Amino acid sequence: MMKVYISGKISGLPIEEVKRKFHNAASLLGSLDLQPVNPLENGLQDGATWAQHMGKDIELLLGCDAILMLDNWKQSRGADIERTIAKKLDMAILYEEIVADDENKRIAGFVEDAVQQVTGFSLKQFAQRSRCRERCYARMIFVYHCRRMKMRLVTISKFVHRDHTTMLHYLNKYNDEVRFNKEFRDLANKVVQKLKENEIRIKKPKQD
């Protein structure tokens, strides 16, 4: 499995924000069957100097096959140094916004396929402005499962052409629809089953 070092701005940012960004990046890489190497887990104790962290981080980088540059890497002297080293070593250089965009398209396509198999509506159809109940159901189920797969709301909203408030409304309403609306519950359960079937089909190893 390819090992990918995560590089981005750390100094000067709230530690919780840093942890969240690096954790999200690690999850993104893991979803692509890549092994993340997180510099926040370099083993150094609190109070270590910037130089000590850089030395340890570069050691981790040298053991990797590629580097993932977070979207704030240009604001970081350390990340710039790490990228320069990766370039000198002809390592693959990935960029968060590009990798995330490709992964979001993969997730959207995966969910759309299951929704369309059950409802008959494609993303283009259920994303249209329409009061059709069935299309609304398809749209809500699509939003719910994209969010379950860790897609950001702002990204989901671009696929279905709805605002952030509408995204929250769909997510808040989903469980009530499953509980009290048999028609919706039947569709939702069938989509869940299709997602499982499609995932198994995708992961099933090819026969020689």
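**Labels and their cut-offs**

Modeller: Start with helix H3 (residues 77-88): H3 lies across S1, strand S3 (66-69) and S4, and runs at about 145 degrees to S3.

Colleague: What makes something a helix or a strand here? And how is an angle defined?

Modeller: For angles, axes are lines fitted to C-alpha atoms (for helices, over the stretch in contact), and the value runs from 0 to 180 degrees between N-to-C directions. Bear in mind that this is a predicted model, where local features need pLDDT of at least 70, side-chain atom pairs count only at pLDDT 80 or more, and totals for chains, interfaces and linings use all residues. Residues are numbered from 1 along each chain as its sequence is written, and side-chain values use heavy atoms, with hydrogens and water left out.

Colleague: How do you know that S1 and S2 pair, and in which sense do they run?

Modeller: Pairing takes at least two DSSP bridges between two strands. Strand S1 (residues 3-7) has 3 with S2, so the pair qualifies, and the two run parallel. Tyrosine 5 stands opposite valine 37 in S2. S3 and S4 pass too, with 4 bridges in the parallel sense, and leucine 68 has leucine 94 in S4 as its bridge partner. Between S3 and S4 the chain goes through H3, a right-handed β-α-β crossover. Right-handed means that, with the strands pointing away from you, the path from the first strand over the helix to the second runs clockwise.

Colleague: Why is the sheet called open, and which strands stand at the edges?

Modeller: The order of the 4 strands is S2-S1-S3-S4. Strand S2 (35-37) and strand S4 (92-95) stand at the edges; each has a single partner strand, so one side of each has no neighbour in the sheet. From one strand to the next, the twist averages 30 degrees.

Colleague: Aspartate 33: buried or exposed?

Modeller: Buried is under 20% relative accessible area, exposed is over 50%, and partly exposed is in between (1.4 Å probe, protein chains only). Aspartate 33 comes in at 58%, so it is exposed. Aspartate 33 sits in the loop between helix H1 (15-31) and S2, and has a positive phi of about 60 degrees although it is not a glycine. Lysine 150 reaches 72%, so lysine 150 is exposed too. Lysine 150 is in the loop between H6 and H7, with a positive phi near 75 degrees.

Colleague: How confident is the predictor in the chain, by pLDDT?

Modeller: pLDDT is the predictor's confidence in each residue, from 0 to 100. The chain averages 92, with 96% of the residues at 70 or above. Over residues 202-208 the value is below 50, and that stretch has 1 contact beyond near neighbours in sequence.

Terms used:
Contact means heavy atoms within 4.5 Å.
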